[in-house]
Amino acid sequence: MLLKDLPEDARPREKLLARGPGALSDAELLALLLRSGIPGKNALQMGQELVDTFGGVAGLLHTGHKALGSIKGLGPAKRAELVAVLELARRALAQELQDKPLFSTPQAVRDYLQLQLGSRPHEIFAVLFLDSQHRLIALEELFRGTLTQTSVYPREVVVRALALHAGSVVLAHNHPSGEARPSRADEALTQTLKAALALVDVRVLDHFVVTSTQAVSMAERGLL
């Protein structure tokens, strides 16, 4: 069935204009970007295939144009448009954090970390470097792999903090398993980094454990 053959109130464009974007499913929003399908598969079905194949919008945010090529009917032009829209989402959140003190928008911090780390297939340790006003200077991914006190080097974190003239940092890493609860190893690593950074007068404000669905604050749990 073509989109034009659907009842008018079920067509994504008409539905958005009548009820707002919040009324649309992820597949319907993607259908609006795709605009057209291929023989035997309309744009809405292609949108649903993208959601199913890549694990929802969170998964799409970490999918490159080459991986998108696995979807039949998704040519270079449509892949480029999808990648561009997803990149704009990341940049919009980054700009929001750079323009304001980080913790004046705690949900934006969580959203930003989920966009950057939530759907990665392997563990990433990242640091948000902040200025004296708690505004974002940079997010840097410093280490990959299983995170322990021996695999994350405090000296490298300290060197980057000094190079960026950071006054404080927020630590973050993802759990690809989907379990957002901080482990004992996470707690030990946090204390090691906190002690190392304190020597150069850089505060650790928080450490987030990130999955595709949430970002858990260790500070809020009294683990900092």
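Q: What makes α2 oblique to α6 in this predicted model?
A: The axes of α2 and α6 lie 10 Å apart and form an angle of about 125°. Angles from 65 to 115 degrees count as roughly perpendicular and those over 145 as roughly antiparallel, with the rest, apart from those under 35, counted as oblique. The angle of about 125° therefore makes α2 oblique to α6.

Q: Which hand does the crossing of α2 and α6 have?
A: The crossing in which α2 passes α6 is right-handed.

Q: How do you know which residues of α2 and α6 are in contact?
A: Contact requires heavy atoms within 4.5 Å. On the α2 side the residues are L30, L33 and L34, and they meet K78, E81, L82 and V85 of α6. By class, this contact has 5 nonpolar residues, no polar ones and 2 charged ones.

Q: How do α6 and α7 cross, and at what angle?
A: The axes of α6 and helix α7 (residues 106-117) come within 10 Å and cross at roughly 145°. The crossing of α6 past α7 is left-handed.

Q: Which residues meet where α6 packs on α7?
A: A89, R90, L93, A94, E96 and L97 of α6 meet A108, V109, D111, Y112, L115 and Q116 of α7. These divide into 8 nonpolar, 1 polar and 3 charged. Asp, Glu and Arg count as charged, so R90, E96 and D111 are the charged residues here.

Q: What is the volume of the largest pocket, and which residues are closest to its centre?
A: The largest pocket has a volume of about 160 Å³. It is lined by 11 residues, of which L30, L33, V57, V85 and L86 are the closest to the centre.

Q: Which helices each supply at least two residues of that lining?
A: They are α2 (26-34), α4 (56-60) and α6 (76-99).

Q: How do you know what classes of residue line the largest pocket?
A: Leu and Val count as nonpolar. Sorted in this way, the lining has 10 nonpolar residues, no polar ones and 1 charged one.

Q: How many helices and strands does the protein chain have?
A: The protein chain has 9 helices and 5 strands.

Methods. Residues are numbered from 1 along each chain as its sequence is written. This is a predicted model: local features need pLDDT of at least 70, side-chain atom pairs count only at pLDDT 80 or more; totals for chains, interfaces and linings use all residues. Side-chain values use heavy atoms; hydrogens and water are left out. On a 1 Å grid over the protein atoms alone, a cavity is a set of points where a 1.4 Å probe fits but cannot get out, and a pocket is an open set with protein on both sides within 12 Å along at least five of seven lines; lining residues have an atom within 4 Å of a point. Grid points are joined across faces, edges and corners, and a volume is the space filled by probe spheres set on the points. Helices (H or I, at least four residues) and strands (E, at least two) are DSSP runs, numbered from the N terminus. Axes are lines fitted to C-alpha atoms, for helices over the stretch in contact, and angles run from 0 to 180 degrees between N-to-C directions. A crossing is left-handed if the near helix is turned anticlockwise from the far one by less than a right angle, and right-handed if clockwise.
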